[in-house]
Amino acid sequence: TNRNILPDKLPPQMLSNLLWAAFGVNRDKGNFGKPGRTAASASNSQEIDLYVALPEGVYLYEAIPHRLAPVVAGDFRARSGRSSAASAPVNIFYVVDLTRYVLEGNPDRRINDPDVQKSYYYCAVGLIAQSVYLFAASQGLAAWFHNCDKTNTPQEFKLRPEQRVLFAQTVGYPA
């Protein structure tokens, strides 16, 4: 972890590569009829969404077709919950979508148990965050995984009740 991050913007290709490494599609056919991703998820639920806060707005990373979809305009990086992260170029918010835990056709009959779900989504976030750390290290970037504002963020990011903000991760050039 390096919390000393410059406000300098990342080049678009580097941001693209970062998000692909985090949770992009790396094979057409994974389990349960879904494409495979760069980080594992329970029963390939792909329950974690990456909301990317940049200076100009918040975007949802859509792994298929590998793009950022606008969510809300404005600078919401301060919702990362850390004052030094508010000026960093990228804050990734990890959001779980509980509707993606589907019992139909799933061999894991515990998939609808809230305690089991919690263990699954915390593990999934850890795997994705580690991919971000590895990418950052390979590119000479600083990265910092931390808590965030879970009170205001859901409304501001227009999340549904079945979605929960879990953590944030800040990425940029080291100071």
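This is a predicted model: local features need pLDDT of at least 70, side-chain atom pairs count only at pLDDT 80 or more; totals for chains, interfaces and linings use all residues.
Which side chain does Arg 100 meet in a salt bridge? The partner is Asp 49, with N and O 3.0 Å apart. In total, the count of salt bridges comes to eight.

**Arg 100 and its partners**

- The bridge between Arg 100 and Asp 49 ties together distant parts of the chain, as the two residues are 51 residues apart.
- Arg 100 sits in the loop between strand E6 (90–97) and helix H2 (114–139), while Asp 49 belongs to strand E3 (residues 48–54).
- Asp 49 has a relative accessible area of 10%, so it falls under the 20% cut-off and is buried.
- Arg 100 has a relative accessible area of 26%, which means it lies between the 20% and 50% limits and is partly exposed.
- Arg 100 also forms a salt bridge with Asp 97, where the closest N and O atoms are 3.7 Å apart.
- Asp 97 is another buried residue, with a relative accessibility of 4%.
- These contacts belong to a network of salt bridges that links Asp 49, Asp 97 and Arg 100 with Arg 160 and Glu 162.

**The Asp 149 and Arg 79 pair**

- Asp 149 and Arg 79 join their side chains in a salt bridge, with an N to O distance of 3.3 Å.
- Asp 149 counts as buried because its relative accessibility of 16% is under 20%.
- Arg 79 counts as partly exposed, at 24% relative accessibility.

- Ser 138 has its place in helix H2.
- Is Ser 138 buried or exposed? With a relative accessible area of 51%, Ser 138 is exposed, because that value is over the 50% cut-off.
- The side chain of Ser 138 makes a polar contact with the side chain of Gln 139, at 3.4 Å.

Key: Residues are numbered from 1 along each chain as its sequence is written. Side-chain values use heavy atoms; hydrogens and water are left out. A salt bridge is a side-chain nitrogen of Lys or Arg within 4 Å of a carboxyl oxygen of Asp or Glu. Helices (H or I, at least four residues) and strands (E, at least two) are DSSP runs, numbered from the N terminus. Buried means under 20% relative accessible area, exposed over 50%, partly exposed in between (1.4 Å probe, protein chains only). A polar contact is a pair of N or O atoms within 3.5 Å; within protein, one must be able to donate a hydrogen and the other to accept it, and residues adjacent in sequence count only if both atoms are side-chain atoms.
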